[in-house]
Amino acid sequence: MGTQVDLGIKGYKNYGTHLREKYNGQRVFKVIVDGGFTCPNRDGSKGYGGCTYCNVDSFTPEPSRKMPTIKAQLEEGIKRAVNGYRADKFIVYFQPNTNTYAPTHYLKMMYDEALSVNTENIVGFAVGTRPDCIDAEKVALLESYTDRFDVDLEMGMESIYDETLEQINRGCSHGEFVKAVELLENSKLDLCVHTIFGFPWETRAQMHGYIHEINRFPQIKFVKFHHLHVVEGSIMGAKYKKEPFKLFTLEEYTDLLCELIPMLRPDIVIQRLFGISDWDLLIAPNWGLNKSAIQTYIDKEIEKRGVVQGSDYIG
């Protein structure tokens with residue numbers, strides 16, 4: 001007899017189950033689009049070099065980087081999802097860089113182009129951005145698609161501490177994040193917040209503070225948890241090679257997740273528990289396992305320890 005994890009039952013609201021329930025058991029797959037955007041702390045508007053941990057290629061699939069047009073990227077991505085994952089429906093996902101960092105009329109043209117491909121099988125639209133690159137006009141544009149698609153706005157919080165945000169050259173403050181979240185109060189958009197755990201100067205108690213901050217905003221529907229990993233082509237990567245610093249082992253990171261998940265508001269869906277780059281770009285930590293094996297290890301530890309999302313939540 002299999003474990004709960006083997007049966008697909010987990011101690012937290014996971015994205016896979018959420019999608020299956022929402023779309024009547026159909027296989028829904030995100031197809032990543034590279035819109036050719038940049039970022040305000042890359043192009044000199046706020047700074048240069050980007051966030052110190054970031055190399056955009058580390059989270060952009062190679063086919064997306066090579067395809068010249070949005071249409072070609074989507075057609076190829078959909079074909080791979082059908083052949084490799086037997087996908088039925090798709091979410092168009094503008095992921096690399098800052099996907100609201102352009103005039104609204106330009107964004108509309110680009111979004112419209114993407115959402116005109118294979119329209120009968122597109123059910124969702126997701127846009128990744130920064131807190132300082134969203135405003136009421138852009139929220140209204142994204143909301144204009146909600147009559148046809150489920151629309152997720154994914155926003156990087158990363159840390160709640162301004163000292164950390166300064167150290168990683170984030171180029172925006174936590175106050176700007178809060179302002180952007182407040183802009184989405186009563187919005188039709190589903191807000192997904194991205195965090196990074198494991199900056200070596202932050203304590204475990206400080207990381208617990210991330211969850212308390214997320215819990216206080218009812219407009220946050222999804223979260224993506226990542227552990228800090230160091231990649232080639234990043235400022236942090238160059239520093240790490242000269243002077244390595246402490247990063248989570250898989251066991252340590254799993255311990256942290258087992259502390260955080262019970263504290264998380266029970267209605268929030270966890271889209272991701274960890275993030276890892278392609279092997280050729282990853283410097284550290286190398287846990288020696290592929291994504292599937294890491295996911296299984298974490299899920300089985302969560303089950304073994306009886307972790308339940310929201311069991312320690314105080315509303």
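A polar contact is taken here as a pair of N or O atoms within 3.5 Å, of which, within protein, one must be able to donate a hydrogen and the other to accept it. In the predicted model examined here, the side chain of N99 meets this description, reaching the backbone oxygen of Q95 at 3.2 Å. A polar atom of the N99 side chain also lies 3.2 Å from the backbone oxygen of P96. N99 is placed in the loop between β2 and α4. Its relative accessible area is 0%, so N99 is buried. Beyond its neighbours within four places in sequence, N99 is in contact with F37, F94, L107, Y111, V127, G128 and T129.

Two of these contact partners, F94 and Y111, also form an aromatic pair with each other. A search of the whole structure finds 14 aromatic pairs. The pair formed by F94 and Y111 is edge-to-face, with 5.5 Å from centre to centre and 65° between the planes. Because F94 lies in strand β2 (residues 89-94) and Y111 in helix α4 (residues 104-114), the pair ties together parts that are 17 residues apart in sequence. Both F94 and Y111 are buried.

A further pair is formed by F125 and Y145, whose ring centres are 5.5 Å apart. The planes of these two rings stand at 75°, so this pair is likewise edge-to-face. F125 belongs to strand β3 (residues 122-129), whereas Y145 is found in the loop between α5 (136-143) and β4 (150-158); the pair therefore ties together parts that are 20 residues apart in sequence. F125 has a relative accessibility of 0% and counts as buried. Y145 is buried as well, with a relative accessible area of 1%. Ring pairs link F94, Y111, F125 and Y145 into a cluster.

The N-terminal end of α1 (residues 15-22) is capped by N14, a side-chain oxygen of which lies 3.4 Å from the backbone nitrogen of G16. After α1 comes N24, which has a positive phi, near 55°.

Methods:
Residues numbered from 1 in each chain as written. Predicted model: local features only at pLDDT ≥ 70, side-chain atom pairs only at ≥ 80, totals over all residues. Heavy atoms only, no water. Phe/Tyr/Trp six-rings, centres within 6.5 Å; stacked < 30°, edge-to-face > 60°. Helix = DSSP H or I, 4+ residues; strand = E, 2+ residues; numbered from the N terminus. Buried < 20%, exposed > 50% of the residue type's maximum accessible area, 1.4 Å probe, protein only. Contact = heavy atoms within 4.5 Å.
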